[in-house]
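User: Could you take a close look at the ligand site for me and walk me through what is around it?

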Amino acid sequence: MKRRIGILTAGGDCPGLNAAIRGVAKAAYEMFDETEIVGFHDGYRGLIDGDMSEMKRSQFSGILTLGGTILGTSRTPFRNMRVIEDDNVDKVKSMKETYEKLKLDCLVTLGGNGTHKTANLLSEEGLNVIGLPKTIDNDIYGTDFAFGFHTAVDIATDVIDRIHTTAASHGRCMVIEIMGNKAGWLTLYSGLAGGADVLVLPEIPYDIEKIAEAVEKRARSKKAFSIIAVAEGAMDRKEAKMKRKERETYRLETGFTNISTRMAKELSALVGVEARAVIPGHMQRGGSPSAYDRVLSTQFGVHAATLIRDKTYGYTVALQGNQVVHNKLSDVAGIPKLVSPDDQMVDLARHMGITFGD
Ligand code: F6P
């Protein structure tokens, strides 16, 4: 049995991408008499431009623990895929031509929601596509976890732990901005793991007065410090009613481009405590994958190889319960998995006395 496999990583990087690439490749080399793997450079950009390398088996060794992606990545927004831009390139036509020209049996795409939408588009266009869900945001519908998420939870938790000790020493209110524009999973998990007092998520619009009350209550108690974990995409009740562009303009006009700085300033004024903002930013996406993510990436990669063996295309790999399964791309692509305000984890946090500022 011979398989010629194209593989690419698209969208924001995360730890575990190389482990997943390795999982696909090692399992494929074991499964098929002849395996050829073509690596596209920088995500869909490489597929559009035909920018690729014929990979050697040795390139998949020694990458299990390596952060980032050996293939490179880029963001080619799904909304522009069918748009002919200034370069006059018909992106969908070019991707199909590259695939045909290279005589691929299938294409494996590692990515988040945007990547899955394009993967589904290519599948509808007749290409044999298999998706693998990666993102530190964990916002891909149909899978309990995407790889990269748990590593980011570990990193963000470590940040909160470190801030905790200095916050306690100085009796300060520390506002820690966690990645996640639309989904608050990373804030929710790392905030719980780090023992934050306030969790602010994009899905639960906040009232700054409510957060101030929680901080004031702690300031009056023996615990003079407070830890607030806020998702980068969090918004107050007024902003939640605005369209995205309007919200961006409003933020620029108020002089703040990030949520944590604004919140720290507002809390200092409202409560009279010393509030500081901390933004770990892309650190949350960097470095070696955790043991959990190494295992999950490997599980997902091997599952993808079995789908290639069985010629089961048009699917994306997922974790449900403790089982690795696959969902139809057309069923899940483009559906973001957000934190429901009624989620059991939110409820649990409220039982712990954590406030969401709502
Ligand atoms: O999707 C992962 C993510 O890290 C989000 O949490 C964040 O909003 C976004 O990517 C940042 O993207 P970029 O690295 O392109 O600025």
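Analyst: Here's a tour of the ligand site, starting with the ground rules. This is a predicted model, so local features need pLDDT of at least 70 and side-chain atom pairs count only at pLDDT 80 or more, while totals for chains, interfaces and linings use all residues. Residues are numbered from 1 along each chain as its sequence is written, and side-chain values use heavy atoms, leaving out hydrogens and water.

Around the ligand you'll find Arg75, Ile136, Asp137, Met179, Gly180, Asn181, Glu232, His282 and Arg285 (each with a heavy atom within 4 Å of it). By class, that shell has 4 charged, 3 polar and 2 nonpolar residues, with Gly counted as polar.

Now the polar contacts (pairs of N or O atoms within 3.5 Å). Glu232 puts a polar side-chain atom 2.4 Å from a ligand oxygen. For Arg75, a side-chain N or O atom is 2.9 Å from an oxygen of the ligand, and Arg285 also has a polar side-chain atom 2.9 Å from a ligand oxygen. The ligand alone exposes 400 Å², and the protein buries 71% of that (Shrake-Rupley areas, 1.4 Å probe).

Zooming out, the domain assignment, automatic or from a database, gives domain 1 (2-147 + 289-332) and domain 2 (150-285). Each of them supplies at least three residues to the ligand shell. Their C-alpha centres lie 34 Å apart, and 14 residues of domain 1 touch 12 of domain 2, with contact meaning heavy atoms within 4.5 Å.

Key: Polar contact = N/O pair within 3.5 Å; in protein donor to acceptor, adjacent residues only side chain to side chain.
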